[in-house]
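Here's a quick briefing to read alongside the model. Have the sequence open next to the 3D view as you go through it.

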Amino acid sequence: MFASSFPASDLRPGLVPQVLALAEADPQRPAVESMLMALPLADLAALHDRTRSAARAARAADDMPRLFDLVRGMKTLQRIAGARGRLLMAPPVRQG
């Protein structure tokens, strides 16, 4: 696990993780999603960016279990932001 992150089960009210990694059957997921729904859109976008960077590092390190949890976190962030009218996407790749 990355030093700047912690499992969703460690979330407490008012505490926002540096990255969002969700296990497939995390029993704390409803609490995590509730906390995320209360965050301002700018904070959701920043959390998405940090999680995407961590996922890129996990992929480069061939840490597939970690990558799956991070991707699950990114999809959750995208779904919650989308329900509030904001799309969270990676910036376009520059060609050249």
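Leaving aside neighbours within four places in sequence, T51 is in contact (heavy atoms within 4.5 Å) with V19, L20, L70, M74 and L77. This is a predicted model, where local features need pLDDT of at least 70 and side-chain atom pairs count only at pLDDT 80 or more, while totals for chains, interfaces and linings use all residues. Residues are numbered from 1 along each chain as its sequence is written, and side-chain values use heavy atoms, with hydrogens and water left out.

- T51 sits in helix 2; helices here are DSSP runs of H or I with at least four residues, numbered from the N terminus.
- At 0% relative accessibility, T51 counts as buried, a label that means under 20% relative accessible area, with exposed over 50% and partly exposed in between (1.4 Å probe, protein chains only).
- T51 and V71 are 20 residues apart in sequence, yet their C-alpha atoms are 8.1 Å apart in space.

**Helix 2**
- The 20 residues of helix 2 should span 28 Å at 1.5 Å a residue, and its end C-alpha atoms are 29 Å apart, which agrees; the expected span is 1.5 Å times one less than the number of residues.
- Its buried residues are L44, A45, L47, H48, T51, R52, A54, A55 and A58.
- Helix 1 and helix 3 are among what covers those buried residues.
- H48, also found in helix 2, is buried with a relative accessible area of 2%.
- Not counting residues up to four places away in sequence, H48 touches M74, L77, Q78, L88 and M89.

**From helix 2 into helix 3**
- D62 lies in the loop between helix 2 and helix 3.
- Phi of D62 is near 60°, a positive value in a residue other than glycine.
- D62 is exposed, with a relative accessible area of 59%.
- R66 is found in helix 3, and R66 is buried at 7% relative accessible area.
- R66 and A55 are 11 residues apart along the chain, and 7.7 Å separates their C-alpha atoms.

**Nonpolar cores**
- The largest nonpolar core has 13 residues, of which L20, L36, L44 and L77 touch the most other members; such a core is a set of buried Ala, Val, Leu, Ile, Met, Phe, Trp, Tyr and Cys residues joined through side-chain atoms within 4.5 Å.
- Helix 1 (29-38), helix 2 and helix 3 are the elements that give two or more residues to this core.
- Apart from this core lies another, of eight residues, among them V19, A21, L67 and M74.
- L36 is in contact with L20, L44, L47, T76, L77, I80 and R84, leaving aside neighbours within four places in sequence.

**The largest pocket**
- About 160 Å³ of space lies in the largest pocket, a volume being the space filled by probe spheres set on grid points joined across faces, edges and corners.
- A pocket is an open set of points on a 1 Å grid over the protein atoms alone where a 1.4 Å probe fits, with protein on both sides within 12 Å along at least five of seven lines; lining residues have an atom within 4 Å of a point.
- The lining consists of R52, A55, R56, R59, L67, M74, A90, P91, P92 and V93.
- Helix 2 (41-60) and helix 3 (64-83) are the elements that give two or more residues to this lining, and helix 2 gives the most, with four residues.
- By class, the lining has seven nonpolar, no polar and three charged residues; Ala, Val, Leu, Ile, Met, Phe, Trp, Tyr, Cys and Pro count as nonpolar, Asp, Glu, Lys and Arg as charged, and the others, Gly among them, as polar.
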